[in-house]
Amino acid sequence: METVTESSSKSWTRSREMLERARRSLVGGVSSPFRAKVPVPLYIEGGHGSRIVDADGNSYIDYALAWGPLILGHSHPALSSAVAARARGSHTFGAQHEDEFIVAEYIQNAVPCAERVAFTSSGTEAIQLALRLARAASGKNRIMKFEGHYHGWADSVLISYHPTAAQVGPHDAPTPVLTSRGQVPNSIDNVVVSVWNSLSALETAFQRYSGEIAAVIMEPVLCNSGCLLPLPGYLEKVREITKAHGALLIFDEVITGFRLSPGGAQQFYGVKPDIATLGKAIAGGAALSAVAGSKEIMEMIMTGQVSFGGTFNGNPLAMAAARVTLNEITVKGSEPLARVNRLGQQLMNAFRESARKHSVPLTVCGFGAAFAIHFTEHEELLEYRDTLADDRDQLQRFLYHMLESGIYTLPDGRFYLSTAHTEDDIAETSAVIDRIFGRQDFRKPHV
Ligand SMILES: Cc1ncc(COP(=O)(O)O)c(C=O)c1O
């Protein structure tokens, strides 16, 4: 265990041994530094439905879902056999095949802004293509992004991702903050940072950079900083303001796509962006992402005005997985995701009820299929800055107790649900939450 020192009923001996060995060859022993932040970086043997099993044979209800992609749960039978069948007929072609346009048609039918689709392999890549298209289509350079929003790890957008309270700067003119050493320093010259969910902050930024903004990019639900929802009318107003200033609107739907509703946040809130990026759930666990947008913008790729490529674009294994996933999530109507969101909301309510019962200061934000818990006295969280007061040590303690009790989660307090989760999973998890919140160390100290 890396961050919490307590005795545990689980030893995780095999996972610890494997991590130790991995650290001698693989940097940090993990394939993404985010994964080292979990209380115990477990080695996973496999998964079935809503459950995963670690190398020590422990079984957990999985609310991490591989950081989001597993919208159908683990080893969904149709998805597994489609990928296996595809692999038997060669892994990749670097040429056209039927699944590409079937999947593109599924996306076109489900996602309102998707007149045309282009495939990439990761969310980070999709964002780069979206930004290039936006700059090409608008003839402008600056991109407006918001504090706390994550759009992948490329230099151009890894800015003001999780700045500290000391770094953020004034509310109406936030300081752009580079996130990583080695990032091209002048990336910030091309970006304007604003505060999300604040129309006055947006207007101020547009006035300051009048005529210079190529596009505004945002997570339409701020999933990477605690699943904060847009205020009623906010997205509509952003749409109006961007149009008025001749800027494009990009929704980064890497998380909300095929999760909040079959057509993502744009369908759910009825606000159509010019371009959307899609990823994670799109292929139920295979590496696939996509950019969707108006015909006029997307066809800049075909005319050669916008250059883009990728060896693995539209690769058959990912497309086979996407075909099954989108068939379940979009073609079969809205009910599968509506059920996932209902179950998630039940769990959100279970958190709230237990917190109330045991006087634990807790705020739960999100939409069900994705939500996050915040140990905080703030009852309303509207923007990234509001989350800076969260008690993160308390969160780590809580997640550690959850892991010990057979509940696997992400380190930032985010929970994902899949079509494989059941009422029984929710009941079992709710009982664990209630037991943990009943511990003395979770209650609000009496003053
Ligand atoms: C909203 C959002 N955009 C983009 C990305 C980057 O996607 P990837 O990790 O596939 O590069 C992520 C990843 O978590 C994300 O949550």
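How far does a backbone N or O atom of Tyr150 lie from a nitrogen atom of the ligand? In this predicted model, the distance is 3.3 Å. A backbone N or O atom of Gly123 lies 2.8 Å from an oxygen atom of the ligand, and an N or O atom in the side chain of Asn224 is 2.9 Å from an oxygen atom of the ligand. On its own the ligand has 390 Å² of accessible area, of which the protein covers 82%.

The residues that surround the ligand include Ser122, Thr124, His151, Glu219, Asp252 and Lys280. Classified by type, this shell holds three nonpolar, six polar and three charged residues.

Attention now turns to the aromatic rings. A pair of such rings is described by the distance of the centres and the angle of the planes. The model contains 19 aromatic pairs. In one of them, the ring centres of Phe375 and Phe437 are 6.1 Å apart and the planes stand at 75°; because planes over 60 degrees apart count as edge-to-face, this pair is edge-to-face. Phe375 belongs to the loop between β12 (370-374) and α11 (392-404), whereas Phe437 belongs to helix α12 (residues 423-437), so the pair ties together parts that are 62 residues apart in sequence.

Phe375 counts as buried, at 4% relative accessibility, and Phe437 likewise counts as buried, at 0%. Phe437 also pairs with Phe442: their ring centres are 6.1 Å apart and their planes lie at 35°, so this pair is tilted. Both Phe437 and Phe442 are buried. Ring pairs link these residues into a cluster whose members include Tyr63, Phe351, Phe375, Phe437 and Phe442.

Technical notes:
Residues are numbered from 1 along each chain as its sequence is written. This is a predicted model: local features need pLDDT of at least 70, side-chain atom pairs count only at pLDDT 80 or more; totals for chains, interfaces and linings use all residues. Side-chain values use heavy atoms; hydrogens and water are left out. A residue is near a molecule or strand if one of its heavy atoms lies within 4 Å of it. A polar contact is a pair of N or O atoms within 3.5 Å; within protein, one must be able to donate a hydrogen and the other to accept it, and residues adjacent in sequence count only if both atoms are side-chain atoms. Accessible areas come from the Shrake-Rupley method with a 1.4 Å probe; for residues, only the protein chains shown count as cover. Ala, Val, Leu, Ile, Met, Phe, Trp, Tyr, Cys and Pro count as nonpolar, Asp, Glu, Lys and Arg as charged, and the others, Gly among them, as polar. Rings of Phe, Tyr and Trp (its six-membered ring) pair if their centres lie within 6.5 Å; planes under 30 degrees apart count as stacked, over 60 as edge-to-face and the rest as tilted. Helices (H or I, at least four residues) and strands (E, at least two) are DSSP runs, numbered from the N terminus. Buried means under 20% relative accessible area, exposed over 50%, partly exposed in between (1.4 Å probe, protein chains only).
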